[in-house]
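Look over the sequence and the structure before reading the points below.

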Amino acid sequence: MNKPLDPITLPAAADAAVSQWPDVDSLYRRFDALVKQPIRPLKREALNKVMGYFDERCQGSKRLAEEAKKFIPGGVQHNLAFNHPFPLAIAQAKGAHLTDVDGNRYIDFLQAGGPTLLGSNHPAIREQVNRILDDCGPVTGLLHEYEVKLAQLVCDVMPSVDMVRLLGSGTEAVMAAVRLARAYTGKKWVIKIGGAYHGWSDQLVYGMRLPGTGRLEAVGIPRGATANTQESPPNNLDALRRRLQINRLRGGTAAIMVEPFGPESGTRPVHPDFNRQLRKLCDEFDALLIFDEVVTGFRAGMGGAQGYFNVMPDITVLGKCLTGGYPMAGAIGGRKDVMQLLAGGIGTTARRAFVGGTLSANPLSCVAGYYALIEARKLNAPALAGRAGDRMRKGLEEIINRRGLPYVAYNLGSIVHLQTSGVLLLDTSNPLKLLRARNEAKSRKHMMEEMGAAYTAHGLITLAGSRIYTSLADTDDVIDDALERFDAVFKLV
Ligand SMILES: Cc1ncc(COP(=O)(O)O)c(C=O)c1O
């Protein structure tokens with residue numbers, strides 16, 4: 001952060017999904033300390049034991065994984081799925097737990113990558129989905145009552161959203177948001193924050209995971225497709241201002257798009273005033289502000305991160321929790337005058353930003369989303385999942401301190417980060433550091449995989465070994481059980 005920012009008051013009440021925003025400056029100092037020292041992986045003999053678990057107890061998963069490799073590239077289709085030493089095959093999911101095909105039970109902190117805020121396979125959603133499937137099946141291509149109900153509910157709870165357009169996924173919604181911003185402003189540049197993930201569309205596989213990496217992962221994507229995408233370093237308003245100034249001389253900035261908690265679901269968390277300053281910058285330069293709330297939408301509170309920070313974007317991207325874990329989780333919402341440019345249907349002759357999707361807004365997704373959000377609101381799920389995240393973070397901090405480990409645990413409500421290898425925190429702020437980071441990332445990534453495997457062998461499923469999504473199903477007993485298991489893993493370091 002280059003300039004001191006204005007003080008800001010955030011909701012700190014126990015009923016907020018995020019009870020307390022972390023002290024960001026102190027966190028960054030701890031990240032720095034973590035990546036400046038050599039990695040602290042599991043002891044090698046302990047690792048052998050961990051691997052033994054997979055050989056002895058997961059034969060069914062292993063067989064299926066081998067079969068999958070013959071027909072599915074790499075044998076795995078989910079980017080978040082753990083594939084070290086091989087992906088587990090899951091037979092049952094319920095609440096806070098998963099059971100694999102060999103009958104092993106796990107506490108589920110992947111939560112499918114975030115959408116199941118109520119816990120897995122919640123009956124209140126499933127029963128309503130079954131009812132609609134009996135009535136009209138999954139799709140008709142025509143208007144359905146729940147399509148309207150879901151849109152109305154989203155407009156009700158998301159403070160900046162007057163209108164909603166449902167789409168197929170977060171990636172699709174991001175594509176639509178960028179197109180809409182360009183159509184509305186008539187400008188071309190889109191600025192994202194380095195390290196943020198906005199799905200896998202051609203224009204946004206740019207500066208992913210680590211800031212400053214630009215087209216590193218843009219394999220199969222022509223230069224033209226990313227030619228109007230720019231990245232700017234996290235938490236750096238001066239750098240953003242400079243980009244906006246230069247862009248003003250070259251056709252103007254259509255939008256700044258951010259994950260409002262910070263890149264990669266807050267892996268590099270924002271300064272609490274960052275979003276408010278962004279809003280001001282966008283107004284000054286006539287650019288739209290896009291909040292990608294695919295992760296924070298409903299998890300950071302029913303009003304998302306925009307409600308939490310009280311900062312109103314022009315366009316909001318939604319996904320994940322929007323349909324409670326059911327398929328077709330994607331939407332954009334926003335101000336009426338902006339959103340009207342998306343008017344659909346074959347009768348429309350007005351100038352519009354074209355978006356589509358045969359299965360968009362199908363009754364199955366809409367009824368699932370409607371009841372997922374109704375239940376979340378009724379049960380106070382964002383806040384309760386947030387309290388579970390607080391309990392988890394406190395417990396992890398206690399274990400890390402007691403064992404004298406350099407690891408860093410922090411949480412933004414129900415999004416708990418557990419950085420052991422620091423692979424996503426490497427310093428990439430200049431080309432030399434970037435080169436060094438690219439070399440170092442391999443060993444650190446491998447350590448993260450080993451940690452993930454060790455968690456799994458101790459009955460814990462995490463997201464990529466470094467993130468923990470808590471849900472409404474995570475009672476104190478579940479969290480305390482999980483903490484004992486984490487302690488058993490950290491004992492092996
Ligand atoms: C912030 C953010 N935006 C967009 C996406 C893409 O969403 P989807 O996987 O539904 O395409 C993700 C997915 O993880 C995400 O975390």
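Two strands count as paired if DSSP finds at least two bridges between them. Strands of a sheet pair through backbone hydrogen bonds, either parallel or antiparallel. The model described here is predicted.

**Sheet**
- β4 pairs with strand β10 (residues 330-334) in the antiparallel sense, over five bridges.
- Within this pairing, leucine 167 has glycine 330 of β10 as its bridge partner.
- β4 and β10 belong to an open sheet of seven strands with mixed pairing, in the order β4-β10-β9-β8-β7-β5-β6.
- At the edges are β4 (163-167) and β6 (229-232), each of which pairs on one side only.
- From one strand to the next, the twist averages 20°.

**Helices on the sheet**
- Helix α8 (residues 237-248) packs on the sheet and touches β5 (189-193), β6 and β7 (253-258); the direction of α8 makes about 150° with that of β6.
- Helix α10 (residues 274-284) also packs on the sheet, where it touches β7 and β8 (288-292); the direction of α10 makes about 145° with that of β8.

**Ligand**
- The ligand is surrounded by 15 residues, and the closest are Ser169, Gly170, Thr171, Gly199 and Val294.
- Helix α6 (residues 170-185) gives the largest share of this shell, three residues.
- The shell has eight polar, five nonpolar and two charged residues.

**Domains**
- The domain assignment divides the chain into domain 1 (24-108 + 380-491) and domain 2 (123-378).
- Their centres, taken over C-alpha atoms, are separated by 27 Å.
- Domain 1 puts 16 residues into the contact and domain 2 puts in 19 residues.
- On the domain 1 side, α1 (24-36), α14 (381-402), β12 (415-419) and α15 (431-457) each supply at least two residues.
- That side has ten nonpolar residues, five polar and one charged.

Terms used: Residues are numbered from 1 along each chain as its sequence is written. This is a predicted model: local features need pLDDT of at least 70, side-chain atom pairs count only at pLDDT 80 or more; totals for chains, interfaces and linings use all residues. Domain bounds come from an automatic or database domain assignment. Two residues are in contact if their C-beta atoms, placed from the backbone, lie within 7 Å. Helices (H or I, at least four residues) and strands (E, at least two) are DSSP runs, numbered from the N terminus. Ala, Val, Leu, Ile, Met, Phe, Trp, Tyr, Cys and Pro count as nonpolar, Asp, Glu, Lys and Arg as charged, and the others, Gly among them, as polar. A residue is near a molecule or strand if its C-beta atom, placed from the backbone, lies within 6 Å of it. Axes are lines fitted to C-alpha atoms, for helices over the stretch in contact, and angles run from 0 to 180 degrees between N-to-C directions.
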